[in-house]
Amino acid sequence: MNDREFEKRLLAMHPEFQARAFSLMRNHADADDLLQNAYLAAFKGWRTYDETRGPLLPWFATILRHCAGRMFSQVRRTPSLGDDEVLALDDEKQFRQFLAKTGQANEAEMIEKRVKGAIACLDVNDQFILTSRWKGTSHQAIAEQLNITADDSRKRLERAITKLRKIIDIGERASYDESA
């Protein structure tokens with residue numbers, strides 16, 4: 001495959017990529033920015049694509065997820081809370097009240113966007129387990145839907161949380177580097 005063939009095949013799937021970008025970003029302008037970044041990365045590294053290993057769509061979807069993670073890591077970080085303060089903020093209502101009292105009410109939207117973006121960077125099964133547990137679904141019910149054991153569901157949840165923390169931590173470190 002040469003440059004032109006790769007470009008033609010990639011751009012032929014633009015509507016699918018556009019839908020995936022919007023599902024990650026939940027905003028058309030951000031989705032367009034994400035697509036530009038992902039196309040640039042894909043065109044720079046198109047020689048790493050190996051047709052024998054699988055279709056173009058999953059390869060590009062991985063690039064989209066990585067680019068989305070980088071974009072979310074660039075969202076400005078809110079001032080950090082001490083451990084005692086975090087423990088005191090048990091629910092979203094308390095957290096939003098805290099932000100309003102400290103003059104950071106607009107930060108809640110940015111935090112929500114960062115967390116949703118970080119979740120979107122996870123594998124589909126990890127997303128399912130994480131959001132299902134957050135909604136109160138039991139490990140047994142999750143296991144039945146995924147055809148795994150409840151113990152596997154617990155282990156996957158732990159891994160998903162670890163991945164989520166790493167994605168968010170990378171974003172926080174990046175924002176510190178930018179402000180320094």
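At what angle do helix α1 (residues 3-12) and α3 pack, and how far apart are their axes? The tour returns to this after a view of the whole chain.

This is a predicted model, in which local features need pLDDT of at least 70 and side-chain atom pairs count only at pLDDT 80 or more, while totals for chains, interfaces and linings use all residues. Residues are numbered from 1 along each chain as its sequence is written, and side-chain values use heavy atoms, with hydrogens and water left out.

**Whole chain**

Select the protein chain: ten helices and zero strands are present. Helices (H or I, at least four residues) and strands (E, at least two) are DSSP runs numbered from the N terminus. Of the 180 residues, 32% are buried, meaning under 20% relative accessible area with a 1.4 Å probe, protein chains only; exposed is over 50% and partly exposed lies in between. Among contacts (heavy atoms within 4.5 Å) with a separation of 6 or more, 63% join residues 24 or more positions apart.

**Helices α1 and α3**

Select α1 and α3 next. They pack at an angle of about 150°, with axes 11 Å apart; axes are lines fitted to C-alpha atoms, for helices over the stretch in contact, and angles run from 0 to 180 degrees between N-to-C directions. The two helices are therefore roughly antiparallel (over 145 degrees; under 35 is roughly parallel, 65 to 115 roughly perpendicular and the rest oblique). On the α1 side, show Phe 6, Glu 7, Leu 10 and Leu 11; on the α3 side, Tyr 39, Ala 42 and Phe 43. This contact comprises six nonpolar, no polar and one charged residues. Here Ala, Val, Leu, Ile, Met, Phe, Trp, Tyr, Cys and Pro count as nonpolar, Asp, Glu, Lys and Arg as charged, and the others, Gly among them, as polar.

**Aromatic cluster**

Now display the rings of Phe 6, Phe 17, Tyr 39, Phe 43, Trp 46, Tyr 49, Trp 59 and Phe 60, which ring pairs link into a cluster. Eight aromatic pairs occur in the whole structure. One of them, Tyr 49 with Trp 59, is tilted, at 5.3 Å centre to centre and 55° between the planes. Rings of Phe, Tyr and Trp (its six-membered ring) pair if their centres lie within 6.5 Å; planes under 30 degrees apart are stacked, over 60 edge-to-face and the rest tilted. Both Tyr 49 and Trp 59 are buried.

**Helices α8 and α9**

Finally, select α8 (residues 124-134) and α9 (residues 139-146), which pack at about 150° with axes 10 Å apart.
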